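Please look over the sequence and the structure below before reading on. The text then goes through them step by step.

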Amino acid sequence: MFSGLLAELVQNLKKLPGIGSKSAQRLAMYLISMEKVNALELAESIQNTVKNYKNCSVCNMLTENNPCHFCSDYTRNQNQLCIVENTQDIYLIEDTNEFKGRYFVLNNLLSPLDGIGSDEINFPKLLELLKSDGIDEIILALNPSAEGESTISFLASQFEELKVKVTRLSTGLPFGGDIEYTSSLTLGNALKRRYSVKD
Amino acid sequence: MEISLLKLQNYRNFAELELIFEPEGALIHGKNGIGKTNLLEAISYFAFGKSFRTKHDIDLINFSKAFFRLEANFTINGKQFVFEASADKNIKQIKIDETNISKTSELFQYLKIVYFSPQDIRIISGPPAERRRFFDLAISQYSFNYLQLLRKYYRILKQRNALLKSKFNNLEKKTWDEQFIDIACQVIEFRLDYLKKFIPLLTDTYSQISNNHEELDVKYKFSFANFYGENLKDNLRNHLEETEKSEIESLRSLSGPHLDDIQFSFDLHPARSFGSQGQQRSLVIAARLVQANLISKKAKDTPILMFDDVLADLDKERALSIIHLLKKKHQIFIATPNVKNYEGFHLQNINLEELV
């Protein structure tokens with residue numbers, strides 16, 4: 001039913017996550033009927049942002065400035081490195097206010113099903129970063145999924161020679177959770193990794 | 001656990017139907033093809049999140065209609081729940097008390113149904129996959145942790161198989177192997193624990209429903225060399241090392257719980273090839289009864305039992321006495337074309353021929 005430019009726009013909108021045929025049509029119709037100035041401003045903003053964002057040459061995060069503002073901020077703790085899967089995870093960790101060190105983005109987790117092996121997780125770049133600076137703790141902040149677990153143990157085995165402390169996020173009870181409603185796998189993990197009350 | 005109300009809309013051969021059930025259950029009868037199994041299937045949809053006959057929800061939609069919808073009232077552990085399920089060709093939705101559930105596997109934490117199917121004999125006579133399916137389902141109903149663990153195992157297995165098909169580096173393989181070994185052994189430990197409880201109950205139940213006095217045995221058969229007295233993980237790790245070449249040649253994982261078997265035997269002969277039809281039928285009914293018994297012990301509530309024309313296989317007096325015992329504890333549904341076979345069962349009578 002849509003043809004020409006409009007059909008093309010619908011097809012392109014459908015590439016976004018969570019947007020199906022119906023939503024794409026609705027958005028496209030909205031775009032061509034809204035104030036032209038506003039629609040063009042949106043288009044320009046998309047173009048500028050996409051063009052100007054690239055991977056940081058040090059930590060790999062998507063950034064406007066190279067190196068990114070984390071890598072160029074020397075007030076941050078230079079001894080701690082937090083390894084995450086993607087740029088969005090950095091912002092999630094920043095929101096916690098618990099970490100003031102440096103970051104490294106893998107962009108992928110090991111997943112043979114998707115053709116992702118150790119060559120696809122930016123490992124050489126990570127080694128480069130580790131060589132240059134005085135990092136004494138590496139935090140592996142990756143998902144506790146099958147893919148995340150494999151990536152964690154792969155990286156941990158690679159770090160063995162480096163004589164740095166290697167840690168991972170703990171898995172256990174959620175804050176404000178209730179033991180009664182916690183799955184026993186989670187509760188079991190929380191017990192295994194219990195910690196002293198004085199910590 | 002019990003169901004008190006079921007509404008069906010565009011489900012299989014039912015355009016629109018509403019049924020009210022008594023706490024004891026019902027005897028569902030009518031000629032062949034009238035939809036007796038469809039009715040049992042509809043109720044059990046809420047226990048498994050899918051049909052026990054097909055993987056495709058689209059097959060459940062009444063011919064020429066666009067969607068199906070089911071609604072049921074269940075009492076579980078003394079609490080009332082309203083379950084709803086619907087599907088069209090794109091979307092499937094299951095709700096408990098008007099809240100969408102995110103994964104169908106969540107249903108395993110609520111409703112438990114044991115369905116005695118005429119095809120159950122394949123658990124004994126069929127290939128190992130049939131026995132793994134039986135035990136995997138039974139243990140998942142017994143412990144939700146097992147279901148989560150099993151899903152994780154199959155995810156890792158898929159990844160490991162993909163790895164074996166690719167050009168991998170050895171260190172990478174080692175990390176996948178270690179995770180594979182860890183989860184594989186947890187799955188096996190779960191199964192062995194379950195069998196420890198299952199086997200004595202099975203021996204007992206079998207002798208109650210069968211005239212035969214042969215010695216029954218159930219053994220877990222590993223797909224790898226598991227040396228007695230040695231650590232399970234070490235055994236699997238050693239075996240993987242020894243078979244690495246053939247795994248790489250055949251491009252898939254050749255050992256692990258996805259290939260293990262659980263063997264039933266009579267007087268030390270495999271029941272699969274030596275048992276008579278009668279022995280095999282009594283044995284699967286006993287196995288299903290034990291499945292139900294173990295759920296009752298763990299869940300503090302009794303599962304709903306469904307007999308899809310299988311009691312005809314047993315001696316009639318025996319069948320009657322079993323049902324009378326079960327009726328005291330479970331809600332029971334029996335589907336049969338011959339209502340006369342079940343005279344004296346004192347269950348609510350539902351004649352589908354009058355309703356469809």
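The model is predicted. Begin with how each chain is divided. In chain A, the assignment gives domain 1 as residues 4-52 and domain 2 as residues 56-196. The centres of these two domains of chain A, taken over C-alpha atoms, are 35 Å apart. In chain B, domain 1 is made of two stretches, 1-112 and 305-356, while domain 2 covers 120-300. For the two domains of chain B, the distance between C-alpha centres is 29 Å.

Stay with chain B and look at where its two domains meet. Domain 1 of chain B brings 16 residues to this contact, and domain 2 of chain B brings 20 residues. Together the two domains bury about 1600 Å², and carbon and sulfur atoms give 68% of that area. On the side of domain 1 of chain B, Phe108(B), Lys112(B) and Arg318(B) supply 36% of the area buried against domain 2 of chain B, more than any other three residues. What does the count of salt bridges between domain 1 of chain B and domain 2 of chain B come to? The count is zero. For polar contacts between these domains, the rule finds one residue pair, with both residues at pLDDT 80 or more. Helix H10 of chain B, residues 316-327, gives the most to the domain 1 side, with three residues. Sorted by class, that side of domain 1 of chain B has seven nonpolar, four polar and five charged residues.

Now turn to the contact between the chains. Here 14 residues of chain B touch 18 residues of chain A. The area buried between the two chains is about 1500 Å², with 57% of it from carbon and sulfur atoms. How many salt bridges does the rule find across the interface of chain B and chain A? It finds one. The partners are Arg155(B) and Glu147(A), whose closest N and O atoms are 2.7 Å apart. Between chain B and chain A there are also eight residue pairs in polar contact, both residues of each pair being at pLDDT 80 or more. On the chain B side, the elements that give two or more residues are helix H4 (144-165) and helix H5 (170-209) of chain B. H4(B) has the largest share of that side, eight residues. By class, the chain B side holds five nonpolar, six polar and three charged residues.

Some details of the backbone remain. In chain A, the peptide bond that runs from Asn66(A) to Pro67(A) is cis, and its omega is near -5 degrees. Pro67(A) sits in the loop between strand E2 (62-63) and strand E3 (80-84) of chain A.

In chain B, two residues have a positive phi although they are not glycines: for Asn10(B) the angle is about 55 degrees, and for Asp267(B) it is about 45 degrees. Asn10(B) is part of strand E1 of chain B, residues 2-11. Asp267(B) is found in the loop between strand E10 (261-266) and strand E11 (269-270) of chain B. Are these residues buried or partly exposed? Asn10(B) has a relative accessible area of 7%, so it counts as buried, the cut-off being under 20%. Asp267(B) has a relative accessibility of 42%, so it counts as partly exposed.

Note on methods: Residues numbered from 1 in each chain as written. Chains lettered and ligands numbered in written order. Predicted model: local features only at pLDDT ≥ 70, side-chain atom pairs only at ≥ 80, totals over all residues. Heavy atoms only, no water. Contact = heavy atoms within 4.5 Å. Buried area = accessible area lost by both parts, 1.4 Å probe. Salt bridge = Lys/Arg side-chain N within 4 Å of Asp/Glu carboxyl O. Polar contact = N/O pair within 3.5 Å; in protein donor to acceptor, adjacent residues only side chain to side chain. Helix = DSSP H or I, 4+ residues; strand = E, 2+ residues; numbered from the N terminus. Nonpolar A, V, L, I, M, F, W, Y, C, P; charged D, E, K, R; others polar. Domains from an automatic or database assignment. Buried < 20%, exposed > 50% of the residue type's maximum accessible area, 1.4 Å probe, protein only.
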